[in-house]
Amino acid sequence: MPLEASREERTIAQLAQKYGIHPTLIRAWKRQLLDHAKDAFGRGLNQDDSAATPAELYPQIGPLKAERNF
């Protein structure tokens, strides 16, 4: 919802009515998102994450999909 509010396609009042929450809460979430988005999304991959190659990850996909569908 904060992301939806930051896009400004709808007003805060419209979002509050749509989700049934107070507009002040949406404003606070939007402010937090805008203030901390760089920290949340700008860090990049960890050292451990970048070490895995697609060839190492592909064999894990089948069992994980089967487990999820079970």
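I started at the end of α2: just after this helix, G20 takes a positive phi of about 70 degrees. Helices here are DSSP runs of H or I with at least four residues, strands are runs of E with at least two, and both are numbered from the N terminus.

Housekeeping before going on. This is a predicted model, where local features need pLDDT of at least 70, side-chain atom pairs count only at pLDDT 80 or more, and totals for chains, interfaces and linings use all residues. Residues are numbered from 1 along each chain as its sequence is written, and side-chain values use heavy atoms, with hydrogens and water left out.

Next I looked up I21, and found it in the loop between α2 and α3. I21 has 23% relative accessibility, so it counts as partly exposed. (Buried is under 20% relative accessible area, exposed is over 50%, partly exposed is in between, with a 1.4 Å probe and protein chains only.) Skipping neighbours within four places in sequence, I get M1, A16, I26 and W29 in contact with I21; contact means heavy atoms within 4.5 Å.

Then α2 itself, residues 12-19. Which of its residues are buried? I noted I12, L15 and A16. They span an arc of only 100 degrees around the axis, which puts them on the same side of α2; the arc is taken over the directions from the helix axis to the C-beta atoms. A reminder to myself: an α-helix has 3.6 residues a turn, so residues three or four places apart point the same way. On the other side of α2, I found A13 and Q17 exposed. The cover over the buried residues of α2 includes α1 (2-7) and α3 (23-41).

So how do α2 and α3 pack? I get an angle of about 115 degrees, with the axes 9 Å apart. Axes are lines fitted to C-alpha atoms, for helices over the stretch in contact, and angles run from 0 to 180 degrees between N-to-C directions. That makes α2 and α3 roughly perpendicular to each other (65 to 115 degrees; under 35 is roughly parallel, over 145 roughly antiparallel, the rest oblique). I12, L15 and A16 of α2 meet P23, I26 and R27 of α3 in this contact.

Last, the whole protein. I see five helices and zero strands, in the order α-α-α-α-α along the sequence. Of the 70 residues, 10% count as buried. Among contacts with a separation of 6 or more, 33% are between residues 24 or more positions apart.
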